[in-house]
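Here is a short report on one protein chain. Please look over the sequence and the model before reading on.

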Amino acid sequence: MVGLVLVSHSRALAEGVAVLAREMGGEVPIALAAGLDDPPGAIGTDALKVLAAIEQVYSDDGVVILMDLGSAVLSAETALEFLDEDRRARVRLCDAPFVEGAIAAATQARLGASLAQVVAEAEAAGRNKVIQPKDVAVSSAPALGSGAVQSAQFTLPNRLGIHARPAARIVQMLSGLQAEVTLRNLTLGTGAANARSLNALLLLGARQGHVVEVQAVGPDAARALEQLRAFFAENLGDPPEEAMPTAASSAAAHVPQGALLGVAAAPGVAIGEARWVRHSVVSQELTLSSGDAQQELQRLQHAFARARTRIQTLIADTTRKHSAHAAAIFQAQLLLLEEPAFFAAAEALVQDGASAEQAVLRSAAQLAQTYAQSEDAVLRARAADVEDVARHVLVELGASGATEAQDVDSSVPVVLCAERFAPSEVARLPTNVVALCAVQDSVVSHAAILARAAGLPAVFGIGEALREVHDRQTLLVDGEGGFVLSDPPEAVRLAYRERIAEREQQRRQAEQAAHLPAITRGGRRVEVVANIGGVADAQRALEQGAEGVGLFRTEFLFLERPDPPSEEEQYRAYREVATLLEGRRLVVRTLDVGGDKPLPWLTLPKENNPFLGLRGLRLCLARPEVFRTQLRALARVAAEFPLHVMFPMVSTLDEWRAARAMWEEAARPLNAHAALGIMVETPAAALQAEAFAREVDFFSIGTNDLTQYVFAAERGNPALAHLNDAFHPATLELIERVCRAAHAQGKWVGVCGELGADERAIPALVAIGVDELSVAPAAVSRVKQCVRALP
């Protein structure tokens, strides 16, 4: 497999790009040559570090080197001089965008592409960013070329539809494909939108339940459609468990007299001194002389390039501190910065006599206004991203007023107040900022998403009343009740301080006890393990105290690619996680895709109701060649490590027995052994628990699917949300039935659905006999602490 070397002036930037490349492109050999050691953490590059990195990932398949800035190229070229001629011929310097190039290169390397193919795909990731001054229209669609037009229609499944992160993924997904693709929102009648334009996609206003038509033409048209089909089926990359706070939460809370009401944007409570962030770099004109047009254009180009590096650093920092999902906000900003139409509009203004600063302000203000005037709340919130991108450029131009919210008195807890917050401000807050309040903003803004990721209480949309708050006033912020109280009475202040202290104590206790077992006060032990998608998740889970992996989703190996993964590729991926776990429990779920989660390389029949169609184990039994390859890879791992193999969407004993027979066929030649279990996602499996318990080694209950099948209510349908109640006695009775049947045969039961991390549900689950809770890595220590508090 081709190896990658990332050469960067910043260690943090390189680490973040490596995480993104692995999570979005795949697990491939990546080595870093970043920063200097003397003094530690210094900015710069070192040819000897580059040489060591090449040696670390070198194979006869070759090495691709990606570099962030110009002087990194010099270090890389110098390193090549130390290689012998044979090795030097297998190492290529790649002139590609650092972030997108790394992701594209990782994707191709994982697919087993040649050195030349990896370089070509990485460099292709930047072709769509070439500035095209003539393409000024934000939402212009490409003229569909010659050849047959292929089309498909999709109903958007995710809560926010095509917002900034999915739009960025679509642009990246199509990079390098020879296809002209447009999207139309058939529900609103908007479009056609160029699928390679972030702004055009966002301005479709496509939301959950809207029908979108995709048209594609060109040699890769079919491949583009299949990749989009898989992406749409996977909730457009949004986690299904991401909850959005609503204004309704305010009504449910006790609101003290005199409190300012807003929207609960991020949970938590805090008390601190008010500080206003007062700057408006986009809404005001700068009175600067324009000077020579050519000189101003050069300043503009350099500022855009430096702003790009600023945003790349934000991507790396946010990935490291929070997650790749949160960092995708800035990935979308990077694409916005690189929109040909954005630069072209500013360039045209410079050529008409404007200064670089004026050009950035005017072009950004025009685009921001387009978003701000939308009837869609999500699109209105994107105006802040446009302003944020402009702020990055203006900072690099040295514009007066283009400051950042970091000059805050660090001696006291601070509640920051603003008209609205830029995403980059929230990502770079000083450590003494304890909460956020905004006149505008909403729960769907990127500032709110980042506040939730950072654990900062936030109340947004307070309105004009917030302007009456002055600097250094004491503010009480309740991010769950959705209100702010200025100068609270001593009794209220004392009650909230006790509440804050109690929560902080619980958090510290959870962290300190993260690696201790979860044992109730009555002496019952409950294993708390993690749901993962790869080795990076597994590492985070272990750091949080996970006792193993209760659900290894293997779909990530199969999705968004033109062909299935080989046995060898699967074996390496599974073995890497098993090695990291060092003998801890590892439960691998076999391929769980189907009618509602199609694969680009697997032709499936059209189904009227895919949720009741060819899914999970049904698909694997219908496509035994795919299933056998996965089982052989798992058997190889089972020959070396303890392993649990779990089959999804089982409804009958015949399905289970057929899967068990295929496992035995794969394992027998290797003398491999594994515990075999099933996911309980259908009422049929739960009702037959006694029969299954005599044959399987364990059960894992997928509460998300089980609930939707119990009530015949598709969980992605907002009109049926009231029926998706995992606390309903009907659901809990089925879970209890499985536990009784399993325990009668000496078998264990886990829960790997969202219910397992819900603190309201944990007491009930433990009480009815659940033995294992498998949750997101970030929730592990909290869930363990919750179990310890039970009688």
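In E3, Val-63 is the bridge partner of Gly-3. That pair belongs to a predicted model. Strand E1 (residues 3–8) and strand E3 (residues 63–67) run parallel and are joined by 5 bridges.

**The sheet**

E1 and E3 are part of an open sheet of 4 strands. The order is E2-E1-E3-E4, with parallel pairing. Strand E2 (30–34) and strand E4 (91–94) each have a single partner strand, so one side of each is left without a neighbour in the sheet. On average, neighbouring strands are turned by 20° against each other, direction ignored.

Two helices pack here. Helix H2 (residues 47–57) lies across E1, E2, E3 and E4. Helix H5 (residues 98–110) packs on the sheet and touches E1 and E3. Their directions relative to a strand are listed with one further helix pair.

| Element | Partner | Angle |
|---|---|---|
| H5 | E1 | about 170° |
| H14 | H16 | roughly 170° |

**A residue in the edge strand**

Ile-30 sits in strand E2. Is Ile-30 buried or exposed? Ile-30 has a relative accessible area of 9%, under the 20% cut-off, so Ile-30 counts as buried. Beyond its neighbours within four places in sequence, Ile-30 contacts Leu-4, Leu-6, Ala-18, Ala-21, Arg-22, Gln-56 and Val-57. Ile-54 is 24 residues away from Ile-30 along the chain. The C-alpha atoms of Ile-30 and Ile-54 are separated by 9.4 Å.

**A helix pair**

Helix H14 (residues 356–372) and helix H16 (residues 383–397) have axes that come within 8 Å. They cross at roughly 170°. An angle over 145 degrees counts as roughly antiparallel, so H14 and H16 are roughly antiparallel to each other.

Which residues of H14 meet H16? They are Ala-356, Glu-357, Val-360, Leu-361, Ala-364, Leu-367, Ala-368, Tyr-371 and Ala-372. From H16 come Ala-383, Val-386, Glu-387, Ala-390, Val-393, Leu-394 and Leu-397. By class, this contact has 14 nonpolar, no polar and 2 charged residues. In an α-helix there are 3.6 residues a turn, so residues three or four places apart point the same way.

**Helix H19**

Helix H19 (residues 490–512) has 23 residues. From its first C-alpha to its last, H19 reaches 32 Å, close to the 33 Å expected at 1.5 Å a residue. Its buried residues are Arg-493, Tyr-496 and Ala-510. What do the buried residues of H19 pack against? They pack against strand E11 (269–276), strand E15 (474–478), strand E16 (483–486) and helix H30 (780–788).

Notes
Residues numbered from 1 in each chain as written. Predicted model: local features only at pLDDT ≥ 70, side-chain atom pairs only at ≥ 80, totals over all residues. Heavy atoms only, no water. Axes fitted to C-alpha atoms, helices over the stretch in contact; angles between N-to-C directions. Parallel < 35°, antiparallel > 145°, perpendicular 65-115°, else oblique. Contact = heavy atoms within 4.5 Å. Nonpolar A, V, L, I, M, F, W, Y, C, P; charged D, E, K, R; others polar. Pairing = 2+ DSSP bridges. Buried < 20%, exposed > 50% of the residue type's maximum accessible area, 1.4 Å probe, protein only. Expected span 1.5 Å × (residues − 1).
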